[in-house]
Amino acid sequence: MKHLGWKCCFLMTMVLAALPLLAQQTPSLTATSSPAAASGTTSAAAPEASTAVNDKLAQLDQRVTAAQSAGDNAWMLVSAALVLMMTGPGLALFYGGLVRRKNTLAIMMQSFLLMALISVLWALVGYSLCFGGNGPVIGGFEHAFLRGVGAEPNPDYAGTIPQATFMIYQLMFAIITPALITGATAERMKFSGTVLFLTLWFLVVYAPLAHMVWGKGGLLNASLGGKFPTLDFAGGTVVHISSGVSALVCALYLGKRTGYPKQPMPPHSLVLSFIGACLLWVGWFGFNAGSALAASALATSAFVATHFATAAAAISWSLAEWFKNGRPSALGAISGAVAGLVAITPAAGFVGPMPALAIGFVAGLVCYWMVTKVKSIFGYDDALDAFGVHGAGGTIGALLTGVFAQQVVNPIFGAGKPVGGLDGHWGQLGNQLVGVLFAWGFALVGTIVLLKVTDMIIGVRVSETEEIEGLDITQHGEEAYNLES
Amino acid sequence: MMKIEAIIQPSRFESVKDALREIGIEGMTVTEVRGHGRQKGHTEVYRGREYTVDLLPKLKLEMVLPDPLVQRAVDTILKTAKTGKIGDGKIFLSRVDEAIRIRNEERGENAL
């Protein structure tokens, strides 16, 4: 194993060193040239004064566009950073606090690993697979090694920001999606198995799904003429349903943790989870409002909807607990908030603030029910409730988007065209259902196959002894806390 | 020489320590322990799952004293650690065969 490891490292180094040669030179990102702007009006036989005015107007036009672009780019870069923060340390802390002490580093390591691994894959081939080409199911290789991805905007996706900004923003989504799945496999999955499985999952499940919903020509793309236009503003299907359903499959395939459900396995530090949840809430503004791809009124609308849905969901989950247990818990409140964030994700840029409150309130209750009642009825060990919150929250959010989407918020189908149920276009619910079922099916099948493949190649579950000793020691040779030292 | 092992409520510790100091007893070893006698625990709920927590946090005081001091120490501890409710704890006494001070290897009651 060790020899294989050294050979792999050597090969990787050679490949990485050769990359700059392979990548076509893209325009320098430090260039201050404005994006594709009008080159000014021509003035053939006009008098000099008029030419001067026209030139001035053309110049002004260029500068206004540049200013708008600067605003958009600034917001998008911040959004990208916010979304990355959602994974690290947001999700890492949220999950980290929920597991037992002996598995803290392991779950954090998995999120961190993805921050690194997915980034590299994205640069090599991931971005191109998701956003290249114009096929119905998957992109192409035209942007492999980030060829052609530089300061020039890609008008198909975001016409006022450098394509590189769009690329780096989307990368952060690709990072957090597989990270969510680790919540279901927590405390019993091998690190090597995680690396292989999530790499394959990213390429085989995430990339096609992202392309179908957001890529040019994608089957489910609502704005670029997909056959089944599913409204998904920031990734309810691509991120949450896909990871949530995959999480369920993983939980079932791996089986229950040793001792579950008899042995108590309470969270070892809800303080960490609390901090993580708050970072998720703040970071999610980048996730949802940033999906407007501009510093626009639509971004504001998505920001506002996101916030109110989250607040309502935290309250509804807490109310449910207060009613059921006589006391609201901290874990319940933060879980409710996350459920609201998930549910508003597909709806953020399509619904108004009042519907956002409604969506959040419903999501809090539904996810509470999923995580307490449904999980115990079926008995699956979705350790950190990745399915209960993301799978279920994403599904309910996607469906409610069809109900509450309004053209007055976002006329996505064209001026004057109704969008969702509140506009009278109840058929959109049908489209949403198609998108939801598709995401479910795709994730389900993809995950089963890839899990099996991974299991055959390298194995997915740790041995019982390793599981009892703890993943931090057995997978990483470390202890999370050496408080006596 | 006798060893006093006293398991008490953590909230009573400061009072016990101060009272013992007043009668001239300053050396002791304190450990954080968990346990229970007849005291009931509590229930915690995490995402709908209930956990009964039987083991309650207590403090264990250990001190080795020359025989003449033992009775007064026990009385002091009893007076200050008692709240009258179940869960107050227990005191155990045992004989000690030898005591040695590591610094200068003094033995017997001089080492206490």
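This is a predicted model: local features need pLDDT of at least 70, side-chain atom pairs count only at pLDDT 80 or more; totals for chains, interfaces and linings use all residues.
Next I listed the secondary structure. Chain B has six strands and two helices, and from the N terminus on their order is β-α-β-β-β-β-α-β. I then took the radius of gyration of chain B, which is 17 Å; the globule rule gives 13 Å for 112 residues, so the chain is more spread out than a compact globule. The box filled by its C-alpha atoms, along the principal axes, is roughly 60 × 30 × 20 Å.

I turned to the sheet in chain B. It is open, has four strands in the order S2-S5-S1-S6, and its pairing is antiparallel. Strands S2 (29–35) and S6 (89–95) of chain B each have a single partner strand and stand at the edges, so one side of each has no neighbour in the sheet. On average, neighbouring strands of this sheet are turned by 20 degrees against each other, direction ignored.

I followed one pair further. S1 (residues 2–8) and S5 (residues 56–65) of chain B run antiparallel and are joined by seven bridges. I noted Ala6(B), whose bridge partner in S5(B) is Leu61(B). Helix H2 (residues 67–81) of chain B packs on the sheet and touches S1, S5 and S6 of chain B. The direction of H2 makes about 5 degrees with that of S1(B).

Last, I checked helix H7 (residues 270–288) of chain A. Its 19 residues should span 27 Å at 1.5 Å a residue, and its end C-alpha atoms are 26 Å apart, which agrees. H7(A) bends by about 30 degrees at Val282(A).

Note on methods:
Residues are numbered from 1 along each chain as its sequence is written. Chains are lettered from A and ligands numbered from 1 in the order in which they are written. The radius of gyration is taken over C-alpha atoms; the globule rule is 2.2 Å times the number of residues to the power 0.38. The expected span of a helix is 1.5 Å times one less than its number of residues. The bend at a residue is the angle between axes fitted to the seven residues ending there and the seven starting there. Two strands pair if DSSP finds at least two bridges between them. Axes are lines fitted to C-alpha atoms, for helices over the stretch in contact, and angles run from 0 to 180 degrees between N-to-C directions. Two residues are in contact if their C-beta atoms, placed from the backbone, lie within 7 Å.
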